[in-house]
Amino acid sequence: MSVEVYYDDDADLAVIQGRRVAVIGYGSQGHAHALSLRDSGVDVVVGLPEGSRSRAKAEEQGLEVRTPAEAAAAADVIMVLAPDTAQRTLYAEHIAPHLSAGKALFFGHGFNIRYGFITPPAEVDVAMVAPKGPGHLVRRQYVDGKGVPCLVAVEQDASGNALALALAYAKAIGGTRAGVIRTSFAEETETDLFGEQAVLCGGASALVQTGFEVLTEAGYAPEIAYFECLHELKLIVDLMYEGGIARMRYSVSDTAEYGDYSRGPRVVDARVKQEMQRILAEIRSGDFAREWIAEDDAGRPNFTKWRAEGAAHPIEETGRKLRGMMSWVDRPITETA
Ligand SMILES: NC(=O)C1=CN([C@@H]2O[C@H](COP(=O)(O)OP(=O)(O)OC[C@H]3O[C@@H](n4cnc5c(N)ncnc54)[C@H](OP(=O)(O)O)[C@@H]3O)[C@@H](O)[C@H]2O)C=CC1
Ligand SMILES: CC[C@](O)(C(C)=O)C(=O)O
Ligand SMILES: [Mg+2]
Ligand SMILES: [Mg+2]
């Protein structure tokens, strides 16, 4: 492999067990990191604003909760797991005043460093530990004795020990059980944004909704359209996940495989590829980041409208009914492990 991959034997837990870690934010990633760090013998404090809805949950789970400023002041390693849009103000007001030589500032995603919304002082380590999966899965895998692969990156190595610290942190949340790949803040941020916009979230949602619309507008039952365009997608993606696209094509019928080769490129055609290239260019230039921060500063008018429209799409109502018939869809990964 052309990338560097680290496993359990490459990381020393003692490096992080000797530090006090503040996990700022207790959402999808924050709860997973804080609980798994604690279970790995690390001294953890969670940082949340006084009125935060997450406070009760963190306290119920036996964690010490302080304000972000108190947590940052008390910690040697500060992991920022608040929403990307909240991080620059959080950093300026509550974290920066408590940074000093010997401390480390960690992120779960490189957005604010890559686009210059946060510029830490030169005397602190700046690193990233970014699990390549949703936080609830990160926690569930840790509890099951496994792990979700992570990316690590070092932006500033003031101590000369930043990589060892990041690897120790990744080990404490289960990442080195699966494998940790070294990258840069720029590569992680740009590929993460591209993946979620063009393929994983944006591309997949649009493909599923559009397929559902084409079938139902042509008069087919929404329940049948749901099975064909959404439900079975997981089964197909599971095959790709296990053995690549080739494994999926081996497992489906020859009829499906012929339709895949002959019709797939008509759906995702040269125009779609060009649009994906434009999306990547907007990410690399910083246009997307500036647009998203401006949208957030304006109170998220488009985000709120699009979220409501998505929730009202007929596929959601059909899905709610059908999932009630599926006894095995009973442990959503959004449940806290
Ligand atoms: N979701 C994921 O699985 C992944 C996320 N990441 C990255 O991890 C980071 C966190 O994302 P995610 O876990 O999705 O976030 P969530 O939206 O799930 O959770 C955010 C948490 O931060 C708290 N919070 C909100 N504002 C502040 C603030 N000003 N100060 C302190 N805490 C605050 C929220 O509290 P409250 O309950 O009060 O709102 C909540 O506990 C991001 O950088 C994201 O890109 C990386 C990989 C995957
Ligand atoms: C795919 C979405 C993601 O990038 C993730 C879970 O990795 C995110 O930002 O939530
Ligand atoms: Mg991601
Ligand atoms: Mg992301």
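Predicted model: local features only at pLDDT ≥ 70, side-chain atom pairs only at ≥ 80, totals over all residues.
**Entry 1: ligand 1, contacts**

With that cut-off in hand, I went to D84. An N or O atom in the D84 side chain sits 2.6 Å from an oxygen atom of ligand 1, so the pair counts as a polar contact. Next I checked R53, where a polar side-chain atom is 3.0 Å from an oxygen atom of the ligand. For Q29 I found the backbone involved: one of its polar backbone atoms is 2.8 Å from an oxygen atom of ligand 1.

I then asked how much of ligand 1 the protein covers. On its own the ligand has 910 Å² of accessible area, and the protein covers 73% of that. I noted the elements giving two or more residues to the shell, and they are α2 (28-39) and α5 (87-95).

**Entry 2: ligand 1, the shell**

I counted 23 residues around ligand 1, with Y26, Q29, S52, S54 and D84 the closest. Sorted by class, the shell holds eleven polar, ten nonpolar and two charged residues.

**Entry 3: ligand 2**

Which residues surround ligand 2? I found D192, E196, L200 and C201. The E196 side chain places a polar atom 2.6 Å from an oxygen atom of ligand 2. For D192, I read 3.1 Å between a side-chain N or O atom and an oxygen atom of the ligand. Taken alone, ligand 2 exposes 280 Å², of which the protein buries 58%.

Notes. Residues numbered from 1 in each chain as written. Chains lettered and ligands numbered in written order. Heavy atoms only, no water. Near = heavy atom within 4 Å. Polar contact = N/O pair within 3.5 Å; in protein donor to acceptor, adjacent residues only side chain to side chain. Areas by Shrake-Rupley, 256 points an atom, 1.4 Å probe, with all protein chains shown as cover. Helix = DSSP H or I, 4+ residues; strand = E, 2+ residues; numbered from the N terminus. Nonpolar A, V, L, I, M, F, W, Y, C, P; charged D, E, K, R; others polar.
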